[in-house]
Amino acid sequence: MKKVLTGNFAAAYGATAARVHVVAAYPITPQTTIVEILSEIVADGLLKADFIKVESEHSALAASIGAQAAGARTFTATSAQGLTLMHELIHWAARGRLPIVMANVNRAMAPGWSIWADVTDSISQRDTGWMQVYCENNQEVYDTILLSYRISEHKDVLLPTLVNLDAFFLSHTSQVVDLRDQDKIDSFIPPYNPEYKLDIKNPSSFGALTSPEHYYEFSYKMQCAQENAIHIIEETGAEFSRIFGKSYGLTESYRCDDAEHLLVSYGTIAGTVKEAVDRIRNKGVKAGALKIRYFRPFPKKRVREICSNFKSIGIIDRAVSYGQAGPFFTEVKSVLDKEKHQLYGFIAGLGGRDVSITDIEAMIHTMQSKEADDLIWIGVKR
Amino acid sequence: MSKKKNTDKVIITGEKDMPPMPASLGSMLSNKTASWRSIRPVILVEKCTRCMICWKYCPEPAILPTDPPTIDYDYCKGCGICIEECPFDAIETEKEGK
């Protein structure tokens, strides 16, 4: 069934379709309508779930952790200051190996106080052990929530997933979303039945004092789980494609076959890049695009394979790792042989500034005419 | 591993014997936390009414719900909360190492 939905409604409908048992969330612009619609869905009896009202984002994730540890499938959602207030518990959820799915509406960090798109909030959670996905459109938001429960709950993964959508460009923009058939979703996402859970009939300790004798091995197992996720994401995406007719992987290539210049991007900018690639090809420039969906696990092998065909590669980041360069730029650079490529690190769209097709055409022009550069600020007023 | 009773000491030789998360490692069986106690609470059985308020308040929890309640001195850190909370002054302080 097709419906016109904002990205926030798509996220809420995804959690509903995944039949979550517990929702614990605190409202924050521009995430608020995710929680709002979920509270209505639960109040109307359309989703059999406990909706836990909490006093902060820290409490929202704490309640989610408790629920998930007790064997409930849990959903929460936040943005920017809320996500970073959760930070301590973001580590706890991952190290507790609790497959929570959280929607994060990417919003810039204050100050200056901002409610607009920027991925600094989620990039700041890089080393917590969560998987991170960046969505291009509302259909992808809805589908990614469904996929994330399957992938996160896989016994060889057991890691939470952060599903990212850009503030306003997705959260408050209406698009057509194809809602999947509930019977098919129910067989795609079987009931959650974890091997390890809090159980009063079989009491055990969770997250107790862990000496240096064991802590190291738990960290090793986190990395193994992230590596396992690489092929489980691909397999699950292929299964999703067979059932629902839409394919999702770690990355998505666009018009790469005969291209000379490759533009790497993520989130909503990836959609604009596709349009720019079409236009610039009409002007005779062979450009292609690579959208990276997963920041964690980072698809090292896939990115290396695709990039190996290109000398000229530009990476567009909607964040800066201050003192270094764009966060995706450094990731891409880390898996490439830098002697073989000319790499351009573009910073664009910080704090919700628009990234237009003209901006992207200008990036391709820079790649054609200038030397490689780690840090190129697009449109900064100097 | 989680199937074992929590009184069993778990033998772990490598990561393959471990659950994905720190669950029921049994580490607290060997990691007794009472070594830094400087005062020792002692329950006066004749004054104790078995109200169990000490058991409810003990944050460790190192007071066991027996009749009368008993203090597990392997884990009691001597915080004194039970002494403070007992409405019948039935818990006394002894200096540790007397």
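## Helix packing, domains and a chain contact

Helix H1 (residues 7–17) of chain A packs against helix H7 (residues 138–153) of chain A at an angle of about 25°, and their axes are 8 Å apart. Axes here are lines fitted to C-alpha atoms, for helices over the stretch in contact, and angles run from 0 to 180 degrees between N-to-C directions. Helices (H or I, at least four residues) and strands (E, at least two) are DSSP runs, numbered from the N terminus.

This is a predicted model, in which local features need pLDDT of at least 70 and side-chain atom pairs count only at pLDDT 80 or more, while totals for chains, interfaces and linings use all residues. Residues are numbered from 1 along each chain as its sequence is written, and chains are lettered from A and ligands numbered from 1 in the order in which they are written.

Back to the helix pair: H1(A) and H7(A) are therefore roughly parallel to each other (angles under 35 degrees count as roughly parallel). On the H1(A) side, the contact is made by Gly7(A), Ala10(A), Ala11(A), Tyr13(A), Gly14(A), Ala15(A) and Ala17(A); H7(A) brings Asn138(A), Val141(A), Tyr142(A), Ile145(A) and Leu146(A). Two residues are in contact if their C-beta atoms, placed from the backbone, lie within 7 Å.

Now the domains. Chain A is divided into domain 1 (2–244) and domain 2 (251–377), with bounds that come from an automatic or database domain assignment. Taken over C-alpha atoms, the domain centres are separated by 27 Å. Across the boundary, 29 residues of domain 1 of chain A touch 19 residues of domain 2 of chain A. H9(A) gives the most to the domain 1 side, with five residues.

Chain B joins in too, with 15 of its residues in contact with 19 residues of chain A. Here is how the residues in these contacts divide:

| Side of chain B that touches chain A | nine residues | five residues | one residue |

Ala, Val, Leu, Ile, Met, Phe, Trp, Tyr, Cys and Pro count as nonpolar, Asp, Glu, Lys and Arg as charged, and the others, Gly among them, as polar.

Last stop, Thr13(B). Thr13(B) sits in the segment before helix H1 (27–30) of chain B. Thr13(B) is exposed, with 7 other C-beta atoms within 10 Å (exposed means 12 or fewer within that distance).

Terms used: Parallel < 35°, antiparallel > 145°, perpendicular 65-115°, else oblique. Buried ≥ 20, exposed ≤ 12 C-beta atoms within 10 Å, placed from the backbone.
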